[in-house]
Amino acid sequence: MQDIVEKYFTLASRLPLETVVTDRDGSEIDLGAGFERFLGQVVDASDAGNTLRFIGNGGSAGIASHMAVDYAKRGGIRAQAMNDPSMLTCLGNDLGYEQVFAHQVELHTRIGDVLAAISSSGRSPNILAACEAGRALGASLVTFSGFDADNPLRGLGDLNFYVASPEYGFVELTHMALLGAAIDIQIGWPTEAHLRELR
């Protein structure tokens, strides 16, 4: 069992640093530049009175909720997760599940908002529809995907974070790590105490 546990955490710890970041043209940029651009977008948007909105299904919805709280409470960023159960079931019932995020985007988005779309497969129809709606309304798009390198979500963002793993658990852990690291860095990591630990 120890061998399996070590292999699991070796892979889990490697994937964040192996994340591939691309811009809207598909050009690859390094992870540090990706973080810098992402944080620049969300801080500028929030300072201008705009909102960072997270969307995701299942485990990715959990990440969306967690990150909306962290970005707002800890980071002072105007942030929201678009996964209120009443809204989702209302729109799913009335418009179909493919429209549960797109319709909310149409209701709330204005030019200058940032839409963070999280999908392990990068193929969820409701996430793709929301990205199209956000783009039409002038939002910046940041995507977090995994599985196949040619998944359609990866090509939609102004900034795209891709995790090269076929397993939900590892992709979701990495998306959580990336988004968590970004807000930690934004609010001042590493502190002096952390720097002493790293020496």
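I noted that helix 3 and helix 7 are roughly parallel to each other, a label for angles under 35 degrees. Helices here are DSSP runs of H or I with at least four residues, strands are E runs of at least two, and both are numbered from the N terminus.

The model is predicted, so I recorded that local features need pLDDT of at least 70 and side-chain atom pairs pLDDT 80 or more, while totals for chains, interfaces and linings use all residues. Residues are numbered from 1 along each chain as its sequence is written, and side-chain values use heavy atoms, without hydrogens and water.

Helix pair. I looked up the packing of helix 3 (residues 59-74) on helix 7 (residues 168-186): the angle is about 5 degrees and the axes are 10 Å apart. Axes are lines fitted to C-alpha atoms over the stretch in contact, with angles from 0 to 180 degrees between N-to-C directions. By class, I found seven nonpolar, five polar and four charged residues in this contact (heavy atoms within 4.5 Å). Among them are Ile 63, Met 67 and Tyr 71 in helix 3, and Met 176, Leu 179 and Ile 183 in helix 7.

Backbone. I listed a cis peptide bond between Trp 189 and Pro 190, with omega about 5 degrees; Pro 190 is in the loop between helix 7 and helix 8 (192-198). Phe 147 sits in the loop between strand 6 (140-145) and strand 7 (159-162).

Key. Parallel < 35°, antiparallel > 145°, perpendicular 65-115°, else oblique. Nonpolar A, V, L, I, M, F, W, Y, C, P; charged D, E, K, R; others polar.
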